[in-house]
Amino acid sequence: ADFAEKNTKLMMLTTKRTSLSQLKRERDQALADQQKIEAGFVAREKAVDFIVALEKLAAETGYSVNIKTAEGGSSPDTLGFKVEFLGSYAGLANFWARLESFDYFISVSKMDVSESYDTVNKRNILRANLDIKVLTP
């Protein structure tokens, strides 16, 4: 009887240890997820980081970009930007696909696309004007 009790107690402690290990892994994963989510918000004092990331994304997809803060486009929980892109149709499609998995939580509230003539390179280019809002913490 003494052996059976000790064996049962040992099994309970082993199960408890396994449960604690599992809880620690889940906690570590939750902390990592929390950090990733928090990184998706743009603190107002770090808006430049967002602009640099958006410029880099545009450059990687073959676009030149002009970014301005949107007058009246911000609210207590968002920052607003007016973004003008110049490039190709293929570049716009590539940019849009990459924007869907961008590191920040953004919303495109308006998009105007038109074709214009590049007098320097003597060719037609695509001009896309976007109103973008990014979430702030």
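This passage describes the overall fold of the chain and then turns to helix α2. The structure is a predicted model, in which local features need pLDDT of at least 70, side-chain atom pairs count only at pLDDT 80 or more, and totals for chains, interfaces and linings use all residues. Residues are numbered from 1 along each chain as its sequence is written, and side-chain values use heavy atoms, with hydrogens and water left out.

Three helices and four strands make up the chain (DSSP runs, H or I of at least four residues for helices and E of at least two for strands, numbered from the N terminus). Along the sequence they follow the pattern α-α-β-β-α-β-β. The chain has a radius of gyration of 25 Å, whereas a compact globule of 137 residues would have one near 14 Å (taken over C-alpha atoms; the globule rule is 2.2 Å times the number of residues to the power 0.38). Along the principal axes, the C-alpha atoms fill a box of roughly 95 × 35 × 20 Å.

The buried residues of α2 are Ala47, Phe50, Leu54, Leu57 and Ala58 (buried means under 20% relative accessible area, exposed over 50%, partly exposed in between, with a 1.4 Å probe and protein chains only). Seen down the axis of α2, these residues fall within an arc of 100°, so they line one face of the helix (the arc is that of the directions from the helix axis to the C-beta atoms). On the other side of α2, Val48, Lys56 and Ala59 are exposed. Just after α2, Gly62 adopts a positive phi of about 85°.
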